[in-house]
Structures are given as structure tokens and as C-alpha cells.
Amino acid sequence: MKERIAHICSFLCKARVFADVGCDHGYMTRYMLSKGLCERAYISDISEGSLSKAKALLSEEIAAGRCIPVVADGLDGLPEPCDFVLIAGLGGEEIVKIIDRAYLPPRFLFQPMKNSEKLRRYLVAHGAKIERDLTFSEGTERRKYYDLILGSAEGGDVYSEREYRFGRDNLNGNSPYPFLFEMKEELEKTSQRLLFVHSAGGKRTLSERKKELEEIIHEVERSL
Ligand SMILES: C[S@@+](CC[C@H](N)C(=O)[O-])C[C@H]1O[C@@H](n2cnc3c(N)ncnc32)[C@H](O)[C@@H]1O
């Protein structure tokens with residue numbers, strides 16, 4: 001199993017009805033079913049071709065009625081509400097559109113590929129409680145970084161501006177490591193760019209970014 005998928009699976013939790021929206025291969029649903037984490041699971045994808053991969057992987061569970069494949073845009077078209085919804089590998093804006101059109105799932109696990117800040121703002125503004133909000137990484141040489149957000153529809157939450165932008169567990173010392181590597185790489189890139197930019201505006205923007213990254217690195221290191 002790929003590192004990213006294994007990492008997402010480690011955050012999957014018990015549910016009655018689970019949905020894997022944008023399932024593509026279906027590995028996460030296979031994990032849910034094989035570990036007995038849900039009674040039944042919907043695998044849904046907007047693309048018939050993508051869904052066919054999950055259908056092949058989960059053919060036995062489909063035949064047994066424990067897994068139901070649906071070609072659908074987001075949660076639209078699923079025949080019943082689901083109490084735990086996974087949406088991984090889509091953009092944060094797309095995830096917001098999907099839940100805004102349907103409902104905020106009682107329990108959710110989101111792994112946005114970009115625009116995590118927009119997703120965090122949407123979730124907090126709509127009364128969600130965010131339980132984990134962290135960056136994890138894949139690879140060692142050229143690391144790739146991914147955000148992961150686990151939470152519940154109810155309970156409410158309060159986020160600071162920096163938490164919206166960078167993820168709460170990354171800043172409070174609960175999940176410092178992949179994030180610290182990412183920030184240090186980002187600082188290195190920003191410092192390099194500063195050497196070659198000539199316009200006053202460009203220099204100012206990059207200097208501000210550099211200062212903020214240094215502050216964040218300092219804060220996270222202090223929390224260790
Ligand atoms: C990059 S893959 C991610 C697959 C898997 N969730 C993962 O994290 O490895 C994105 C999948 O989402 C599907 N997709 C994109 N937009 C969608 C939408 N609005 N509703 C359902 N599926 C969607 C695509 O067809 C594709 O199979």
C-alpha cells in the first residue's frame with residue numbers, strides 16, 4: 001500500500017455507514033471493510049472508469065452487499081446519509097462544494113490536495129469540531145506533504161488566523177515533524193528567491209514571507 005494511503009487508513013474510524021467519495025482505486029474502503037470498521041460502505045466516484053477499479057478490488061464485498069458502488073458527483077446520488085465520510089485526493093474547494101451541496105457528515109476525514117485553509121474556514125464557520133488537523137509526508141528524498149483533517153459536524157471550534165492557514169496540530173506541537181521539514185524547505189526556497197528578485201514589491205513580499213516562516217519554525221521548535 002502506498003505511504004499516503006496507509007497514512008490515511010490509520011485515521012479511519014468506526015462507523016455504521018461509511019462513504020469513500022472520489023474512491024478511485026477503493027483501497028481505503030477495503031481497509032474499512034477488512035478491519036470491520038463499518039457495517040456497509042459506499043464507494044462513489046464521478047467517473048465510471050475510476051469506479052470500475054474499486055469495483056474490481058471490492059467485488060466480493062459488493063456481491064455480499066456490504067459495499068455499494070455509485071457513480072455520483074460528491075455525496076449527491078448516495079441513497080442514504082452516511083455517518084462517516086472520507087474525501088481524499090480532491091482539492092479543498094471541491095470538498096467544500098461537495099459538502100455544501102449535501103451535508104456536513106457527522107464524522108469526516110478529509111485529505112485536501114490544496115486549499116486546506118478554505119476547507120478549515122468552511123468547517124469552523126459551519127460549527128464543526130476539528131479533532132486532528134495535521135500535515136503528513138510521503139517519501140524521504142523528495143518529500144511530498146499532505147494535509148489531513150478529521151472531525152465531527154457538531155461541537156464547534158475556534159481557530160486562530162495561523163491555525164486556519166497552517167493547521168492546528170502542526171502549530172501546537174501535536175504533530176510537529178513533517179510540518180517543520182516542510183516549513184524549513186519553504187524557508188530555504190524563499191531565501192533563494194530573495195537573492196534573485198529585483199523589484200521592491202517582490203522583495204517586500206518575500207521578506208514578509210521569510211519572516212513569517214522563521215517565526216513559525218521558532219514557535220514550533222519552542223513547543224517541542
Ligand atoms: C486523485 S483521485 C483520489 C483517489 C483516492 N480518493 C485517493 O485519495 O487516493 C481523485 C478521484 O476523485 C474523483 N472525483 C473528482 N471529483 C469528484 C466529485 N465531484 N465527486 C466524486 N468523485 C470525484 C476522480 O474521478 C478521481 O477518481
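Biologist: How far does a backbone N or O atom of Gly 22 lie from a nitrogen atom of the ligand?

Modeller: This is a predicted model, where local features need pLDDT of at least 70 and side-chain atom pairs count only at pLDDT 80 or more, while totals for chains, interfaces and linings use all residues. Residues are numbered from 1 along each chain as its sequence is written, and side-chain values use heavy atoms, leaving out hydrogens and water. For Gly 22, the distance is 2.7 Å.

Biologist: Are H5 and H6 roughly parallel or roughly antiparallel?

Modeller: Helices are DSSP runs of H or I, at least four residues, numbered from the N terminus. The axes of H5 (residues 92–101) and H6 (residues 116–125), lines fitted to C-alpha atoms over the stretch in contact, come within 7 Å and cross at roughly 25°. Angles run from 0 to 180 degrees between N-to-C directions, and those under 35 degrees count as roughly parallel, over 145 as roughly antiparallel. H5 and H6 are therefore roughly parallel.

Biologist: How many residues of the contact of H5 with H6 are charged?

Modeller: Contact means heavy atoms within 4.5 Å, and among the residues that meet are Glu 93 in H5 and Lys 118 in H6. Asp, Glu, Lys and Arg count as charged. Here that number is 3.

Biologist: And are H9 and H10 roughly parallel or roughly antiparallel?

Modeller: H9 (residues 177–196) and H10 (residues 200–222) have axes 9 Å apart and pack at about 155°. They are therefore roughly antiparallel.

Methods:
Helices (H or I, at least four residues) and strands (E, at least two) are DSSP runs, numbered from the N terminus. Angles under 35 degrees count as roughly parallel, over 145 as roughly antiparallel, 65 to 115 as roughly perpendicular and the rest as oblique. A polar contact is a pair of N or O atoms within 3.5 Å; within protein, one must be able to donate a hydrogen and the other to accept it, and residues adjacent in sequence count only if both atoms are side-chain atoms.
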